[in-house]
Amino acid sequence: MYVNQLSLQHYRNYDTLSLNSFGAVNLIIGRNAQGKTNLLEALFVLALTKSHRTGKDKELLSFGSDHAVVEAEVEKKYGAVRLELRLTSQGKKAKLNGLEQRKLSDFIGALNVVMFAPEDLEIVKGTPGVRRRFLDMEIGQVQPGYLYHLQQYQKILVQRNNLLKQAWGAGPELSTMLEIWNEQLAEHGVKIIKKRKQFIRKLQKWAEQIHEGITGGGEKLKLSYLPSFGEAEEEDEAVLLQQFMIKLSQVKDQEIRRGMTLCGPHRDDVSFYINGNEAQVYGSQGQQRTTALSLKLAEIELIHEEIGEYPILLLDDVLSELDPYRQTQLIETFQSKVQTFITATGIESINASRLRDASIFHVQDGQVQGGA
Ligand code: ATP
Ligand code: MG
């Protein structure tokens, strides 16, 4: 897919903006705090209806404004689609080709993006929660049904935890109530675990190949799902369900003592290995960054596999961290297949010769000049 046109109204530091001269590779150049990330963020928000930087939509509205609008025309395999997302402090509304969508989940996926920003290093370095959010965001983008199970699971988890917190000294009725919650928790839990394992298995295939390319063949990247019960490779729902229920009965006393749910997808994690060593523990800063980048780039291929179309790629502040060889490898990996938006503080930090044909946009204080 390909973004033909983008307009913003009262979005962060943009009052009104309309751009329509995008190329296959777009360089967004500007000094600090001018609006480069805001521009990429707007595309991200249009794809997922929420920001990669904040959970609070209110922060996206220009200071003093009660609403913001992000609109784009996206050229897809079967024709152009017009997307419009209107954000207010009360909520958001989405339109596809002028038609308001009853559910945001019907809108998510009309535009697909893969974003790589400096904070994505945390996928490798950070806490398990960061990695779970990575999985949830990425799977949710291509399989909206996943988000339904995730929401249900989280609701049930809160209620089950509340029950466990009040459970001190409770009698046999507690066991009956717990069993009811267990069934519901496991029902949605195994769907989440299964999708995550499938995602990791498919991502592994591409990430390994891409990582080898970027590092010139020197590093072998492996991914592994770390479940809170059962084996990493098990994907059969019936087996997972049985294992989940057994584990819940095993940890029951401990859960009552601690007042929380101790197994399930909310306690799972993912590990990354470079040449057999865990990247989070042994990887250098550069290896960790390359690992995070390979994961994101692998996702591009995965989305293509899943929906038959390439997403757009948003690279925030990452090019200047790579040497010219890696910049070139990165750009050439997706040459002419993937429309790319790249931010940088100066054109001089971009060395790859391939980038000389890029469309260049200069951003200053919420105003944009240039284009193809
Ligand atoms: P850097 O190179 O430092 O990453 P940038 O060009 O990516 O800079 P952005 O993150 O896009 O900068 O933000 C630019 C400006 O947007 C900042 O000055 C910030 O104060 C402003 N800004 C952020 N949120 C809002 C908002 N809701 N309303 C108005 N301005 C905002
Ligand atoms: Mg920025």
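A residue is termed buried if 20 or more other C-beta atoms lie within 10 Å of its own, exposed if 12 or fewer do so, and partly exposed in between, with C-beta atoms placed from the backbone. By this criterion V25 is buried, because 24 other C-beta atoms lie within 10 Å.

The model is predicted; local features require a pLDDT of at least 70, side-chain atom pairs count only at pLDDT 80 or more, and totals for chains, interfaces and linings use all residues. Residues are numbered from 1 along each chain as its sequence is written, while chains are lettered from A and ligands numbered from 1 in the order in which they are written. The chain has an average pLDDT of 92, and 98% of the residues score at least 70; pLDDT is the predictor's confidence in each residue, on a scale from 0 to 100. Where pLDDT is low, predicted coordinates should not be read in detail. For the complex, the predictor gives an ipTM of 0.99 and a pTM of 0.88.

Two domains make up the division of the chain: domain 1 (1-112 + 309-372) and domain 2 (122-305). Their bounds come from an automatic or database domain assignment. Taken over C-alpha atoms, the centres of domain 1 and domain 2 are separated by 29 Å. Contact between the domains involves 16 residues of domain 1 and 12 residues of domain 2, two residues being in contact if their C-beta atoms, placed from the backbone, lie within 7 Å. On the side of domain 1 that touches domain 2, helix α10 (residues 324-333) gives the most, with four residues. Helices (H or I, at least four residues) and strands (E, at least two) are DSSP runs, numbered from the N terminus. By class, this side of domain 1 holds eight nonpolar, five polar and three charged residues. Ala, Val, Leu, Ile, Met, Phe, Trp, Tyr, Cys and Pro count as nonpolar, Asp, Glu, Lys and Arg as charged, and the others, Gly among them, as polar.

In soluble globular proteins, nonpolar side chains tend to be buried together. A nonpolar core is a set of buried Ala, Val, Leu, Ile, Met, Phe, Trp, Tyr and Cys residues joined through C-beta atoms within 7 Å. The largest such core has 95 residues, and those with the most contacts inside it are L43, F44, L46, V113, I312 and L314. Helix α5 (residues 172-214) gives the most to this core, with 10 residues. The core lies between domain 1 and domain 2, because both give residues to it. Apart from its neighbours within four places in sequence, F44 is in contact with S51, H52, V113, M115 and L314.

Beyond four places in sequence, V25 is in contact with I331, T340, L355 and A358.

Ligand 1 has 15 residues around it, of which N13, N32, K36, T37 and N38 come nearest; a residue is near a molecule or strand if its C-beta atom, placed from the backbone, lies within 6 Å of it. The shell around ligand 1 has three nonpolar, nine polar and three charged residues.

Positive phi values occur at H10, with about 50°, and at N275, where phi is near 45°; neither residue is a glycine. H10 lies in strand β1 (residues 2-11) and counts as partly exposed, with 18 C-beta neighbours inside 10 Å. N275 is found in the loop between β10 (269-274) and β11 (277-278) and counts as exposed, with 12 such neighbours inside 10 Å.
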